[in-house]
Each structure stands twice: as structure tokens, then as C-alpha cells.
Amino acid sequence: MEWIVIFGYSFALLIICLFSLEQLYLALLYRKTKKRPAYEALTHFPMVTVQLPVYNEKYVIDRLIDCVCALDYPKDKLEIQVLDDSTDETSDLVLNKIGEWTAKGIDIRHIIRPERVGFKAGALQYGLQKAGGEYIAIFDADFLPHPDFLMKTLSAFREDIGMVQTRWGHINQDYSILTRMQAFGLNAHFTVEQSARNASGKFMNFNGTAGIWRKACIEDAGGWQHDTLTEDLDLSYRAQLKGWKFEYLEGVTSPAELPVLVTAIKSQQYRWNKGAAETARKNCLHIWKSGQSFHVKLHALMHLFNSSVFLFLLIAAVLSIPMLYLKGAQPEFEIIFNLAGVFIVGFIGMTIFYWVSARASTPNFSLKYYLVHFPLFLIFSMGMALHNAIAVTEGYLGIKSPFIRTPKFNITSRKDSWKGNSYLTKGIAPLTIMEGLLALYFVFGVVTGIQMQDFGLMLFHTMLALGFGAVFFLSINPLNDAKTG
């Protein structure tokens with residue numbers, strides 16, 4: 001049993017370090033990346049279909065349709081599909097809006113499938129079969145694209161480009177501590193990760209929204225498939241394995257609303273992490289057997305398996321307290337604790353990664369901003385480890401679950417309130433209780449370290465206790481949205 005604990009703890013730390021070094025590598029690549037030159041203005045206007053997959057979005061559907069219908073593009077070259085799977089009054093709101101914009105000459109259609117099979121992927125595929133556009137732009141319900149979105153993205157297409165992705169913006173970033181932490185993490189993906197991968201010829205991904213596809217690329221890659229929870233990531237890899245190239249436009253921002261409750265963040269994180277694991281399971285052998293270079297294959301696999309970090313973080317965290325006792329009882333295990341140096345190397349890599357992204361994405365960046373938001377982001381991420389580790393494990397084991405949408409609240413400023421939102425779920429999930437128990441477990445780890453006068457893991461256990469405690473508290477108290485600060 002002792003050696004099981006030792007091996008599990010050591011192996012978990014090593015994997016975390018490897019993924020952190022991958023982040024460091026991307027940060028260094030990003031620093032070397034030259035900004036792309038501006039593309040020439042469009043001289044040819046191809047037919048474009050804009051797809052809006054929606055499901056019970058009564059709080060945001062009006063603003064979404066208004067925003068998309070205001071896109072600056074020739075009316076005779078633009079069609080809009082509202083792919084509506086709703087079971088509430090959203091459908092009535094859609095019909096009213098369509099009536100308004102049809103009267104103004106906009107080609108917008110309300111598309112309802114006979115059966116809601118395949119969730120979002122199924123809706124997109126159903127709409128694709130009816131789409132007349134050579135290009136397909138996609139926006140989730142919480143996005144508010146700028147009028148020049150099509151002009152800027154279409155100009156980035158070359159003959160071999162199959163998809164163009166834009167950077168996500170955040171209309172409510174300053175609403176609360178939770179929204180600021182989410183923005184901090186997402187900005188790292190939409191600056192360092194996407195830009196570095198794209199500029200260096202690595203595989204990147206469509207983010208499910210705020211991007212535009214060449215219709216022929218989607219069809220060539222096999223269309224939208226619903227056997228994973230991240231149909232966007234899955235299609236991205238199938239398309240790139242077919243030889244299509246992607247383009248990422250860091251300088252083009254598509255604003256969106258961030259979730260304001262931990263319960264909403266959990267549903268989003270669950271889908272992203274489980275879907276990534278499912279996509280890795282589905283595509284890893286295809287990647288390895290492909291004709292891509294070893295370098296591209298390696299980073300593609302690191303990308304797809306990245307969500308595994310939460311699983312190994314949880315393993316290392318849980319085993320760290322038994323390791324304290326092993327060290328105290330048998331001093332010869334002291335050498336195992338020297339592996340903390342490996343963890344420190346990984347931590348330094350992660351610190352640089354988020355430093356580079358924060359500097360690139362934060363107006364009026366300051367050391368104070370970083371020293372506040374980076375620790376908060378790490379603590380919250382640690383608190384999500386159990387939830388995300390379960391999602392990842394289910395993905396690798398092939399355990400299927402429905403597509404759970406992230407509820408939208410129409411929150412754009414600190415004055416707005418989500419209270420009374422009919423999409424909120426009630427009750428305390430068993431997983432939330434487990435998060436509370438883990439918070440107590442790591443408080444015990446802090447106390448144990450003090451009693452044994454072994455302070456090497458004190459900071460680690462403190463951050464875990466705070467993280468799990470915060471996630472537990474905010475999950476059972478949805479009326480508290482961490483709006484302070």
C-alpha cells in the first residue's frame with residue numbers, strides 16, 4: 001500500500017509538471033509570434049449562412065437576433081438560421097423577432113427539427129443541410145458579434161483555410177470575482193494558446209462559437225457528429241486531419257456573457273472537460289497514425305489530453321496527506337518529497353504562461369492585478385478539481401451523458417440581477433457534499449503539517465482547502481455570487 005501511495009503521488013506530480021511545461025512552451029512561442037498583417041478589404045461577397053443554435057434562451061434571444069441582423073454585409077448574400085430546440089417561450093420570442101427583421105428585408109428563418117437528436121451538434125447538422133451559404137458563421141446565444149465580424153473574418157480565408165476563429169470578449173468581466181477569474185483563465189486560451197498553436201503550425205480548435213467555417217470543410221470532415229460533448233473540438237481535429245488549415249484572429253474580438261454562478265460554471269466546465277476527454281479517446285489513434293510530423297502529433301495529443309490535469313491534481317492532492325505520514329514514520333521516504341522540485345518547475349512554467357497572457361490581454365496591466373488574480377484563479381481551479389476529474393474520467397471510460405447547456409442570465413453590468421431566473425436548478429448535489437468534505441480534509445492536512453512541523457505542503461493544502469471550501473459554499477448558496485471585490 002505504501003508503494004501504491006508513493007507511485008501515485010509521484011506519477012501525478014510528474015504529469016502535472018509535463019502539462020505545465022507545455023504551457024511554458026506555448027508562452028515562449030507566443031512571445032516570438034509576429035502579429036499577422038491586416039487582411040485586404042473584401043472585393044467579393046460570398047453567400048454566408050449565420051447559424052444561431054438556441055435552447056431555452058428567453059433572457060438573451062432578443063439581443064442575439066438584433067445583433068446578428070445588424071451585421072454589416074449585403075442583405076442578398078446573408079441568411080440567418082435560428083436553430084431552435086426550445087421547450088419554453090423562447091420560440092414565441094424568436095417568432096416575434098423574425099417578424100420584425102423580415103419586414104426590414106433580412107433573410108432570417110426559424111428552424112425547428114422534428115426530433116431533438118444530438119443536441120447542439122444535431123441542430124447544426126440539420127441546419128447545414130438547409131444552408132445556402134458557402135460559409136457558415138456560428139454564434140451561441142450569449143454572444144454579441146460586432147457589425148464588422150463577417151468583413152474581417154471572410155478576408156482571412158485563403159484556398160486551404162477551412163475555419164477562422166475569433167477571440168472571445170467579456171461583456172460582464174467586472175461583474176464579480178467569479179467573472180474576473182473566468183476572464184483571466186479564458187484570456188490565456190485566447191491569447192497564448194490559440195495564437196501560439198496557430199502561428200507555429202500546430203493543431204488548434206474551433207471554440208464552438210464566434211467563428212466561421214467553409215461549408216465544404218465541414219462536409220469533407222464528416223459533418224457535425226454528436227458522439228462527444230465537444231462537437232466543436234471533434235470537428236476541428238477531423239478537419240485538420242483531412243488537411244484543412246485554420247486561422248486564428250486574436251485582433252478580432254467577439255463579446256460574450258460569462259456565467260455568474262458557480263453552478264453555471266460547473267455545467268460549462270463539465271461539458272468542456274468531459275467532451276475533451278471523449279474527443280481524445282475518439283481521435284488519438286487517428287492523430288498518431290496520421291501523416292503529420294511527430295512535433296505536430298505530440299502537441300495535438302497534449303492539447304486533447306490537457307483536461308487530464310484535473311484528474312492528476314486530485315490524485316496528488318488526496319495522496320499528499322498520507323505522504324506526510326509516510327515521511328514522518330519512515331525518513332527514508334524523504335527523497336520522494338524532493339519531487340516537490342518537479343512540481344515547482346511546473347508551477348514556474350504555469351506562472352510564466354499566465355503572466356504572458358495577462359500582459360497581452362489586460363488593458364492597464366499591473367503587477368498588483370496579476371498578484372491578485374493569478375492566486376485566486378489557481379485556488380478556484382483547485383476547488384474544481386473533483387468536479388472536473390469526474391468529468392474527465394467519465395469521458396475516458398465512455399460513460400455517456402446529455403448535453404447540459406450553460407444557463408444565460410443577460411448580465412451585462414453590476415446593476416443587473418439574475419435572481420428569479422427560471423433556468424436555475426435547485427437542491428444540493430451529492431458531488432457538492434463531497435467538495436465540502438474535501439475542504440475539511442485539506443484543513444486536516446494543514447493542521448497535520450503544523451503538528452508534525454512539516455511545512456513543505458502547507459501552502460498547497462491551504463489553497464486546496466480554500467478552493468474546495470469556496471466552491472462548496474458558492475454551490476449551496478447560489479444567492480451569493482461573489483460580487484464583492
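The structure is a predicted model in which local features need pLDDT of at least 70 and side-chain atom pairs count only at pLDDT 80 or more, while totals for chains, interfaces and linings use all residues. Residues are numbered from 1 along each chain as its sequence is written, and side-chain values use heavy atoms, with hydrogens and water left out.

The protein contains 17 helices and seven strands (DSSP runs numbered from the N terminus, with helices being H or I of at least four residues and strands being E of at least two). The radius of gyration is 23 Å, close to the 23 Å given by the globule rule for 485 residues, so the protein is as compact as a globular protein of that length. Here the radius is taken over C-alpha atoms, and the rule is 2.2 Å times the number of residues to the power 0.38. The C-alpha trace spans about 80 × 50 × 45 Å along its principal axes. Of the 485 residues, 58% are buried (buried means under 20% relative accessible area, exposed over 50%, and partly exposed in between, with a 1.4 Å probe and protein chains only). Among contacts with a separation of 6 or more, 83% come from residues 24 or more positions apart; a contact means heavy atoms within 4.5 Å. The protein exposes about 20,800 Å², of which carbon and sulfur atoms supply 63%. Accessible areas come from the Shrake-Rupley method with a 1.4 Å probe, and for residues only the protein chains shown count as cover.

Ile 212 takes part in both pairings: it is the bridge partner of Ala 137 and of Val 164. Strand 7 is mostly covered, nine of its twelve residues being buried.

Helix 10 (residues 294-304) has eight of its eleven residues buried, so it is largely enclosed by the rest of the structure. Its buried residues include Val 296, His 299, Leu 301 and Met 302, and Lys 297 is also one of them. The buried residues of helix 10 pack against helix 1, helix 6 (177-199), helix 8 and helix 9.

The model holds 19 salt bridges (a side-chain nitrogen of Lys or Arg within 4 Å of a carboxyl oxygen of Asp or Glu). In one of them, the side chains of Arg 109 and Asp 107 meet at 3.3 Å, N to O. Both partners are partly exposed, Arg 109 at 35% relative accessible area and Asp 107 at 28%.

Helix 8 takes part in two further examples. The side chains of Glu 231 and Lys 120 meet at 4.0 Å, N to O. Glu 231 lies in helix 8 (residues 231-241) and Lys 120 in helix 4 (residues 119-130), so this pair ties together parts that are 111 residues apart in sequence. Glu 231 is buried at 4% relative accessibility, as is Lys 120 at 13%. In the second example, Lys 282 and Asp 234 form a salt bridge at 2.8 Å, N to O. Lys 282 belongs to helix 9 (residues 262-289) and Asp 234 to helix 8, so the pair links parts that are 48 residues apart in sequence. Lys 282 is partly exposed at 23%, whereas Asp 234 is buried at 0%. Salt bridges with shared partners join Asp 227, Asp 234, Arg 238 and Lys 282 into one network.

Helix 1 (residues 2-32) supplies the largest share of the patch, five residues. Leu 21 is placed in helix 1 and is partly exposed, with a relative accessible area of 34%.

Definitions and conventions: Two strands pair if DSSP finds at least two bridges between them.
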